[in-house]
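Please look over the model first.

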Amino acid sequence: MAYAVWCGLDRADETRFQRVITDLAFAQSGAVFPPHMTLGSFHEAPDLSVLAADIPAFTLQPTVLARSDAFTLSLFVRLAMTGPVSDLRARIEAHDGFRPGRAFEPHISLCYGSPPEGSEERDEIAELLSKPVRFDRLTLVELTLPLTGYADIEGLRVVSDFALG
């Protein structure tokens, strides 16, 4: 087991992204997951309460819709790297037990696995790029790494949730 730290979207933005994630999962017979930005992972569960209390909620601007061959990065909205998220990531990396992995690029995944054909042309996905995204909480998630299939996604378990600031 491992633990991931997610930065959660405020309720309005969560609703916008969740609708798209759910629709894409249904179209691909895939797994539904909550919209989030992954900040990093750990060997053991870190205490996020103090960190969350010290960091105010922040907003990031979507920059582009992107794709890759990675299962968890198949279709995603890339976000601008700004001071608040860069500082938060640095503080996450400084925690004991941090697991170094791929380079940090702020993003919100829209689906895991091959996206349904024509996904990039969907109006509701283009709309996700039109407004900034507000992040207001840290969530600790228990998971098995690496995430390679839908069963791994369905096995995610939220351990704790902390409001920012």
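What covers the buried residues of α1? The cover includes β1 (2-9), β5 (75-79), β7 (107-111), α4 (123-128), β8 (133-143) and α5 (150-154). This is a predicted model: local features need pLDDT of at least 70, side-chain atom pairs count only at pLDDT 80 or more, and totals for chains, interfaces and linings use all residues. Residues are numbered from 1 along each chain as its sequence is written, and side-chain values use heavy atoms, with hydrogens and water left out.

**Helix α1**
- Helices (H or I, at least four residues) and strands (E, at least two) are DSSP runs, numbered from the N terminus.
- α1 spans residues 11-28. Its 18 residues reach 25 Å from first C-alpha to last, close to the 26 Å expected at 1.5 Å a residue, times one less than the number of residues.
- Buried residues (under 20% relative accessible area, 1.4 Å probe, protein chains only) in α1 include F17, V20, I21 and L24.

**Sheet β4-β5-β7**
- The three strands form an open antiparallel sheet in that order. Strands pair if DSSP finds at least two bridges between them.
- β4 (62-67) and β7 are the edges; each has a single partner strand, so one side of each lacks a neighbour in the sheet.
- Four bridges join β5 to β7. R78 has H107 in β7 as its bridge partner.

**H36**
- H36 lies in strand β2 (residues 36-42). It counts as buried because its relative accessibility is 5%.
- Its side chain reaches the backbone oxygen of P34 at 2.7 Å.

Technical notes
Buried means under 20% relative accessible area, exposed over 50%, partly exposed in between (1.4 Å probe, protein chains only). Contact means heavy atoms within 4.5 Å. A polar contact is a pair of N or O atoms within 3.5 Å; within protein, one must be able to donate a hydrogen and the other to accept it, and residues adjacent in sequence count only if both atoms are side-chain atoms.
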